[in-house]
Amino acid sequence: MTVNIDSSWKEQLQEEFDKPYFTDLTQFVKQEYIEHTCYPPGDLIFSAFNHTPFDKVKIVIIGQDPYHGEGQANGLCFSVKDTIKHPPSLINIFKEIESDLLIPYPQSGNLERWAKQGILLLNATLTVRASEAGSHQKKGWEKFTDAVISKLSEEKEGLVFLLWGGFAKKKGSKINTKKHLVLTTGHPSPLSANRGYWYGNKHFSEVNEYLNESHKDSIHW
């Protein structure tokens, strides 16, 4: 695995890259990509960081691991390439935006448009084996993404963290809630949404209100 990451992030995270666990993680990922089909493609593993440089981050959305179906994962959590059918969680995200902001359901599931506006779309685990959800968990990625969240929390002020579901909420322990806005709700997966834990959270309008109050540009969701 080549760490192809934006220079602003490289500067912030260099000490992580130098740690033994990251060396082990790199070897594991390299071997997995040689022996198995894995996602996202190798050159997109660090896409979230490359689309949203450290100094541009305004909002952080935390996912679990990449989509494990063919052609879906593009290195941004919940996002798929332009021509790919929207997965169930993404459909529920778009439906909530539709009802919260009264805007049309978007055609494209590619969330690069969010990333370019300062939304870090961060999966807790950055790689996965095809058709095997969670297959690259507990190999070091979680430690790395904890360090990313800690760094953002320490070095910045006034960020918005969107923690959807139990997994993301656990990552929230790294966030200084006195400096940042943390919004939590259920996961947008059908299992959670159909039980009433997702719809009506109004996170998208709440984010824009907070940004406006902070004299920052609101997000075009």
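Reader: What makes the charged end of K156 count as sitting over the ring of F54?

Author: A charge sits over a ring if NZ of Lys or CZ of Arg is within 6 Å of the ring centre and within 35 degrees of the ring normal. The charged end of K156 sits over the F54 ring, 5.1 Å from its centre, so the distance is within the 6 Å limit. This is a predicted model: local features need pLDDT of at least 70, side-chain atom pairs count only at pLDDT 80 or more, and totals for chains, interfaces and linings use all residues. Residues are numbered from 1 along each chain as its sequence is written, and side-chain values use heavy atoms, leaving out hydrogens and water.

Reader: How many aromatic pairs are there, and why is W9 with F54 called edge-to-face?

Author: The count is 18 aromatic pairs. Rings of Phe, Tyr and Trp (its six-membered ring) pair if their centres lie within 6.5 Å; planes under 30 degrees apart are stacked, over 60 edge-to-face, the rest tilted. W9 and F54 are 5.1 Å apart centre to centre, with 90° between the planes, so they pair edge-to-face.

Reader: Where in the chain do W9 and F54 lie?

Author: They link distant parts of the chain, 45 residues apart. W9 is in helix α1 (residues 7-17), and F54 is in the loop between α3 and β2. Helices (H or I, at least four residues) and strands (E, at least two) are DSSP runs, numbered from the N terminus.

Reader: Are W9 and F54 buried or exposed?

Author: Buried means under 20% relative accessible area, exposed over 50%, partly exposed in between (1.4 Å probe, protein chains only). W9 is at 0%, so it counts as buried. F54 is at 7%, so it is buried too.

Reader: What makes F17 and F22 edge-to-face?

Author: Their ring centres are 5.0 Å apart and their planes are at 65°, so the pair is edge-to-face. Both are buried. One aromatic cluster includes F17, F22, W9 and F54.

Reader: Where are F78 and H215, and is each buried or exposed?

Author: F78 lies in the loop between β2 (59-63) and α4 (88-101). Its relative accessible area is 9%, so it is buried. H215 lies in the segment after α9 (203-213). At 76%, H215 counts as exposed.
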